[in-house]
Amino acid sequence: MKKYTLFVLLFFAALSVRAEAVVDSLERQAVIAVIDQLFEGMLKGDSTLVRETFASEARLMTVVKNREGTPKLYGGEGIQDFLNAVGTPHELAWDERIWSYDIRIDGQLATAWTEYTFFRGDQLSHCGVNAFQLFKSADGWKIIQITDTRRKKDCKS
């Protein structure tokens with residue numbers, strides 16, 4: 001009887017772990033889908049598609065080294081200027097290619113660390129890392145902040 005009880009307990013524990021893994025995988029895919037939609041909208045020049053990925057409080061920041069080699073943090077404003085830029089017709093497509101995703105989720109908060117290379121048309125512009133923070137609202141995952149790095153050397157193409 002003890003063996004049977006132990007078997008049943010282990011069986012249900014395994015089902016619980018499996019169910020958690022499925023939920024985690026679905027949440028991870030939902031976070032990636034939001035990020036993919038952002039870059040699809042940029043590629044198409046569709047500011048409406050891009051806007052849907054952001055929370056209203058979202059902000060964008062960039063970490064770079066200036067010409068003197070001093071690290072600087074730029075941005076911190078909202079996303080309206082970015083949306084205007086995406087939606088303004090430009091001759092060359094903005095093609096940001098993601099090479100990897102490191103997704104971490106705890107409840108309603110997710111972070112995504114993504115390596116990227118950015119092209120204007122078929123010309124390499126720069127590369128770096130995006131650090132996304134997302135919030136799971138009643139409408140699903142929304143980007144609340146993106147901080148990126150930018151460099152011109154050692155880029156994947």
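The legends below describe close-up views of a predicted model.

**View 1. Six strands form an open sheet of mixed pairing.** The strands follow the order E2-E1-E6-E5-E4-E3. From one strand to the next, the twist averages 20 degrees. Strands of a sheet pair through backbone hydrogen bonds, in either a parallel or an antiparallel manner.

**View 2. Strands E3 and E4 meet in a hairpin.** The two strands are antiparallel and are paired over 12 bridges. Trp-94 is placed opposite Arg-120 in E4. Two residues lie between the strands of this hairpin, where Gly-107 adopts a positive phi near 65 degrees.

**View 3. Strand E4 is joined to strand E5.** E4 comprises residues 109–120 and E5 comprises residues 123–137. The strands run antiparallel, and 12 bridges connect them. Within this pairing, Ala-112 has Phe-132 of E5 as its bridge partner.

**View 4. The largest nonpolar core contains 24 residues.** The members that touch the most other members are Leu-38, Met-42, Phe-54, Phe-132, Leu-134 and Ile-143. At least two residues of this core come from each of helix H1 (2–44), strand E1 (54–65), helix H3 (80–87), E3, E4, E5 and strand E6 (140–149). The greatest contribution is that of H1, which gives seven residues.

**View 5. Phe-132 is shown with its contacts.** This residue is among the core members that touch the most others, and it is also the bridge partner of Ala-112. When neighbours within four places in sequence are set aside, Phe-132 is in contact with Ile-35, Leu-38, Phe-39, Ala-110, Thr-111, Ala-112, Thr-114, Ile-143, Gln-145 and Ile-146. Two of these, Leu-38 and Ile-143, are likewise listed among the core residues touching the most other members.

**View 6. Thr-88 is located in the loop between H3 and E3.** Its relative accessible area is 45%; because residues count as exposed only over 50% and as buried under 20%, Thr-88 is classed as partly exposed. A polar atom of the Thr-88 side chain lies 2.6 Å from the backbone oxygen of Asn-84. Thr-88 and Asp-46 are separated by 42 residues in sequence, while their C-alpha atoms are 9.0 Å apart in space.

How values were computed. Residues numbered from 1 in each chain as written. Predicted model: local features only at pLDDT ≥ 70, side-chain atom pairs only at ≥ 80, totals over all residues. Heavy atoms only, no water. Pairing = 2+ DSSP bridges. Helix = DSSP H or I, 4+ residues; strand = E, 2+ residues; numbered from the N terminus. Axes fitted to C-alpha atoms, helices over the stretch in contact; angles between N-to-C directions. Core = buried A, V, L, I, M, F, W, Y, C linked by side-chain atoms within 4.5 Å. Buried < 20%, exposed > 50% of the residue type's maximum accessible area, 1.4 Å probe, protein only. Contact = heavy atoms within 4.5 Å. Polar contact = N/O pair within 3.5 Å; in protein donor to acceptor, adjacent residues only side chain to side chain.
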